[in-house]
Each structure stands twice: as structure tokens, then as C-alpha cells.
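Hi,

Here is the structure I promised to pass on. Have a look, and my notes follow below.

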Amino acid sequence: MADLKEPLLPRKPASAVNLREISHNASASGRPPFHGMDVSGLKKRGQSIRSWICVDTAGNSGVIEVDKFTMMRRCDLPARDLRLLDPLFVYPSTILGREKAIVVNLEQIRCIITADEVLLLNSLDNYVLQYVVELQRRLRMAGVGDSWQSDDANMNRRRGSRNFDSMSPDYLPFEFKALEVALEAACTFLDSQAAELEIEAYPLLDELTSKISTLNLERVRRLKSRLVALTRRVQKVRDEIEQLMDDDGDMAEMYLTEKKRRMELSLYGEQSLVSYKSGDAHAFSAPVSPVSSPPESRKLEKSLSVSRSRHESMRSSESASESIEELEMLLEAYFVVIDSTLNKLTSLKEYIEDTEDFINIQLDNVRNQLIQFELLLTTATFVVAIFGVVAGVFGMNFSVPLFKDKGAFKWVLTITGVAGAIIFCSFLWFYKYKRLMPL
């Protein structure tokens, strides 16, 4: 009877019954509820401290260790821009101009350029070390050149002459110098890879044209895949430089030193205005009637401030246009370099395509020769089959008076052979007439 008193509904599983208890015990004990996923480890990995190489405007370098959020606050960059510099991710070449920094991702060179420093991920890559050394060398040479220029300017000022070399390309802002070294490193790296590919490609293609084999075809296939990958990278760098050259707003955004100077001037102007107002309030404590007109000194001050603001706006617009021109000339120089590299790769690709066409022509020629030979064999087989037909006719079981003649066999062979030759020659004439075979 006890067996008949089972419940109609199935029992709840133990996991469903004790789910709340297990979660409560896990939270009370401090253990993670999901044993297969370490969420805290993922968070710590995203906030890990990394080593950065810092190069200042004087050419001095050092190593700092900061986390991601500290770097975001330091350079005023969003997280997606720092993700471009992460070596764990593969992103195409990019140059981004932000409010206080320039994010550069050009092949092995991944750095953040500000108005005061350049920050690179600390790496043992040879190209990164060469970039740091070359940037330090140029900054120190520029420092010496600036001191010479200041001395020459003082001498010219004393003599009453003007210095026309102050706008030479050797005295670019700090961010443009760092960007120039990065562009030079990327263009040099891509050009060297293109030169190595050319040195390897042309002898291999010449060998393939002389001897078509499976090994040579496999080597050319690998070479073509490398060429396509390198062309894609060079094309991306070229498109990025061209996109910057076509957009004046992006180029103006990258002029960090000018923006920093304007910000400092605006802050200094606000401080001087506040101090002037406080001093004016202490000096003039007498009440002024709201009906009376403003004094002449106030009108003069207002007109001078308006003219000063117009002059400053005109100077800022002129300096912005000049900075855009300087950056445009810099980008145009390296655009020519990367475009010549792309032209090399394009000519190499065309040479590979011409080699493939030549090989296809050779294979088609061999295939046509095989078809012609097969046609000749088929015609000869048809002629030989005539002898089989004659032999089959004379092999019938019936009596013919020709069998009793002793020279009949010779005559049959002669007539059959002549007839076969005439038929074969007729086929050859037909092939030549239809231009099916070069005879």
C-alpha cells in the first residue's frame, strides 16, 4: 500500500531545490558562484599596469608604468583609442587627431603623441628602439638648432635685419617631429619589405617560365599571397595619409602645440581680467548713475578690446592656415614615398599576372598539340581499320574464284594500302583546308 501512495507530480531535482541555498552559501563564503569563469581575473587583466617609454621635448627618455585608466586621464583619450595600441589586437594603420593627443598606429610603431611627450609601449622590437633613438637624435639636434637660431635672431635684430629662415621645415612643432619620425619608420619598413619581395620574386618568376613544375608553382603561390598582404597594408597607410590631407579639420586638430598655447593665453587673459576687475573695484568706489552714459575711458577700452580680439582672431586663423600647410607638406612628402612603394608592388603584381598569362598560353599550346596528335592517331586508326574490314570480308566462309589465283593476295594488299593512303591524305588535306592543324 505504501508503494501506491506515490505523488502524482514528479519530485523537484536537487539542483532546483538547493539553488537558493547554494547561492546564499557561496555569497556568504566569498567564493565565486561561477567556477568556470574568473570574472575578477578578466577585470584585472583589462586594468593591468603596462610599461611605457616616454620621450619629452628635450629628447630625454624614461620608462613609466601606468594602468589603462591613468593613461586615459593623462592623455584625455577614450578606451577605444588605447585599444588601437594594444599589441594583442590587430588593427589596420590609423592616425587619429584628438583634443590633446595624436594616436598613431603605423605597422610596428604604436604611440601617443602629445604636445609635451611621446608615449610608446615598452617593446623589444628593433623598429621601436630605432624610432626612439631617431626621435631623440632629431630632438637634440633641433634643440641645438633652436639655440643657434635664437642667437642669429638676436644678432639680426641688433643689426636691423629680418630672419627669413624661421619657418624652415627643421623647426616644426614637437608633435609634427614625432609624427614625421613615425611616418618615416613605417614607410621605410614597408619599402624594405617591398624591395625584399622584388628581389625574391623576379628570379622565381623567370625560373617558372623556363620550367613549369609543382614546386615552382607552390613557391609563386606563397609569393603572391605575401604580395597581396603587403599591398593591403601599404594601401591602408596611403589611404590614411590621403584622408588626412583631404580633411583640413583633422589636420588642424593635430596641431597640439598651437592649441596648448591658445589655452594658456586664454587662461592668462582670464586671470589678468579678474585681477584688473578687482583692482578697478578698489580704485573706483563711487556710485555711478545707471542713466548716465559710460565714460570716455570705458568706450576707449571697449574699442581697444574689440580691435585686439579681431587682431588675435586674424592671427590665429593665419597661424592655423600656416600650420595646416606645414602638416600638409609633411604628409605630402611621405605620401609620395608610400605611393612609390605601392607602384612597385603594383608593377610586381602585374608582372606576376603576365607570367601567369604566359604560363596559361604555354599550357594551352601544349594542350592543342596533344589534341592535334590525338586527331592524327584517330585518322591513322581509321585507315588501319580498313584493312580489318577487308580481312573480315575475305574471311567469310564462302568460295570465291579469286581465292584460286596465286597473286590475288598481293593485289588485295596493294589496293587496300593505296586506298588507305589516299584516304589518309584526303583527311590531312581537309585538316589543312579547315586550318585545324598547321601542316
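First, how the elements are named: helices (H or I, at least four residues) and strands (E, at least two) are DSSP runs, numbered from the N terminus. This is a predicted model, where local features need pLDDT of at least 70, side-chain atom pairs count only at pLDDT 80 or more, and totals for chains, interfaces and linings use all residues. Residues are numbered from 1 along each chain as its sequence is written, and side-chain values use heavy atoms, with hydrogens and water left out.

The overall picture: the protein has 12 helices and 6 strands. Of its 439 residues, 27% are buried (buried is under 20% relative accessible area, exposed over 50%, partly exposed in between, with a 1.4 Å probe and protein chains only). The accessible surface is about 30400 Å², 60% of it from carbon and sulfur atoms (Shrake-Rupley method, 1.4 Å probe; for residues, only the protein chains shown count as cover). Taking contacts (heavy atoms within 4.5 Å) between residues at least 6 apart in sequence, 67% join residues at least 24 apart.

Now to some individual spots. D76 sits in the loop between α4 (68-75) and α5 (79-83), and is partly exposed at 42% relative accessible area. Neighbours within four places in sequence aside, D76 touches M71 and K100.

T114 is in the loop between β5 (109-113) and β6 (117-121), and counts as buried, with 10% relative accessibility. A polar atom of the T114 side chain lies 2.9 Å from the backbone oxygen of E117.

On the surface, V389, V393, F394, L402 and F403 make a nonpolar patch with about 430 Å² of accessible area together. V393 belongs to helix α11 (residues 296-394) and is partly exposed, at 44%.

Last, the cysteines. How many disulfides are there? The count is 0, taking a pair of cysteine sulfur atoms within 2.5 Å as a disulfide. C111 is buried at 0% relative accessibility, while C425 is partly exposed at 47%.

Cheers

How values were computed
Patches are made of residues with over 30% relative accessible area and no salt bridge: like charges are joined within 9 Å, nonpolar side chains (Val, Leu, Ile, Met, Phe, Trp, Tyr) within 5 Å. A salt bridge is a side-chain nitrogen of Lys or Arg within 4 Å of a carboxyl oxygen of Asp or Glu. A polar contact is a pair of N or O atoms within 3.5 Å; within protein, one must be able to donate a hydrogen and the other to accept it, and residues adjacent in sequence count only if both atoms are side-chain atoms.
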